[in-house]
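Colleague: I have the model open on my screen and would like to talk it through with you. Could you start with what the cavity search turned up?

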Amino acid sequence: KIDSEKREETLEKLFTMAFAQLTDYSDFPLGEKTAVAVLPVIPASEELALNSEYFTEQILLSAAKSDHFTLVERQDMQSIMEEIKLQLSGVIDEDTTVEIGNLLGARALISGKLYAKTDDFELFLRLLRVETGEVLSVTRAVIAKELGL
């Protein structure tokens with residue numbers, strides 16, 4: 001947390017940096033404006049559900065501003081509900097990654113899991129290739145607790 005910045009400014013910088021890391025360290029070269037869908041951040045415990053939703057929204061905002069990604073709009077509510085059920089169950093494997101990506105019309109997915117530490121949150125983000133289900137890159141964001149809700 002930078003005292004002279006508003007919470008949203010700091011989070012925007014943090015997630016912009018996280019997207020740069022996901023792109024830079026990807027095992028697969030991503031073209032400019034790769035179609036990507038952001039999956040809901042999975043809370044490691046029920047107490048983190050609200051912060052998970054908040055950080056998901058911040059990730060969506062950063063993805064929409066990214067030069068590397070084109071955010072895929074979700075149109076089918078039933079597909080979204082199935083996606084959320086899969087995310088919450090923690091069952092995201094190669095087959096479900098391909099299925100979710102195809103349902104959403106994305107070439108890549110961004111998924112995340114949020115943990116609470118004593119003084120901060122740790123958010124692990126993964127960039128997944130839809131065609132194969134492989135994990136292209138992973139990054140970790142350490143977020144001060146006062147940046148959450």
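Modeller: This is a predicted model, and a search of the whole structure finds one cavity of 30 Å³ or more.

Colleague: How much space lies in the largest cavity, and which residues line it?

Modeller: The largest cavity holds about 30 Å³ of space, and its lining consists of Phe 28, Leu 30, Thr 34, Arg 107, Ala 108, Arg 129, Glu 131 and Leu 136. By residue class, that lining divides into four nonpolar, one polar and three charged.

Colleague: Take Thr 34 from that list; where does Thr 34 lie, and is Thr 34 buried or exposed?

Modeller: Thr 34 lies in strand S1, which covers residues 34-38. Its relative accessibility is 3%, and because buried means under 20%, Thr 34 counts as buried.

Colleague: What does Thr 34 touch, neighbours in sequence aside?

Modeller: Once residues up to four places away in sequence are left out, Thr 34 touches His 68, Phe 69, Thr 70, Arg 107 and Ala 108. Arg 107 and Ala 108 are also among the residues that line the largest cavity.

Colleague: Let me step back for a moment. What is the order of the elements from the N terminus on?

Modeller: The protein has four helices and six strands, and from the N terminus on they run α-β-β-α-β-α-α-β-β-β.

Colleague: And how confident is the prediction along the protein?

Modeller: The mean pLDDT of the protein is 79, with 77% of its residues reaching 70 or more. Confidence is lowest in helix H3, residues 77-89, at a mean of 55, and highest in strand S5, residues 120-129, at 92. Where pLDDT is low, the predicted coordinates should not be read in detail.

Colleague: Now Leu 114: where is Leu 114, and what is Leu 114 in contact with?

Modeller: Leu 114 sits in strand S4, residues 108-116, and at 0% relative accessibility Leu 114 counts as buried. Leaving aside neighbours within four places in sequence, its contacts are Val 41, Ile 42, Pro 43, Ala 44, Leu 48, Asn 51, Ser 52, Phe 55, Phe 121, Glu 122 and Leu 123. One of these, Ala 44, is 70 residues from Leu 114 along the chain, yet their C-alpha atoms are separated by 5.7 Å.

Colleague: Which residues does Ile 59 touch?

Modeller: Ile 59 is part of helix H2, residues 49-65, and counts as buried at 1% relative accessibility. Not counting residues up to four places away in sequence, Ile 59 touches Phe 15, Phe 19, Val 38, Val 41, Leu 123 and Leu 125. Val 41 and Leu 123 are also contacts of Leu 114. Between Ile 59 and Ser 111, which are 52 residues apart in sequence, the C-alpha to C-alpha distance is 10.0 Å.

Colleague: Last one: is Gly 133 buried or exposed?

Modeller: Gly 133 is found in the loop between S5 and strand S6, and at 13% relative accessibility Gly 133 counts as buried. Its C-alpha atom is separated by 9.0 Å from that of Ala 108, which is 25 residues away along the chain.

Technical notes. Residues are numbered from 1 along each chain as its sequence is written. This is a predicted model: local features need pLDDT of at least 70, side-chain atom pairs count only at pLDDT 80 or more; totals for chains, interfaces and linings use all residues. Side-chain values use heavy atoms; hydrogens and water are left out. Helices (H or I, at least four residues) and strands (E, at least two) are DSSP runs, numbered from the N terminus. On a 1 Å grid over the protein atoms alone, a cavity is a set of points where a 1.4 Å probe fits but cannot get out, and a pocket is an open set with protein on both sides within 12 Å along at least five of seven lines; lining residues have an atom within 4 Å of a point. Grid points are joined across faces, edges and corners, and a volume is the space filled by probe spheres set on the points. Ala, Val, Leu, Ile, Met, Phe, Trp, Tyr, Cys and Pro count as nonpolar, Asp, Glu, Lys and Arg as charged, and the others, Gly among them, as polar. pLDDT is the predictor's confidence in each residue, from 0 to 100. Buried means under 20% relative accessible area, exposed over 50%, partly exposed in between (1.4 Å probe, protein chains only). Contact means heavy atoms within 4.5 Å.
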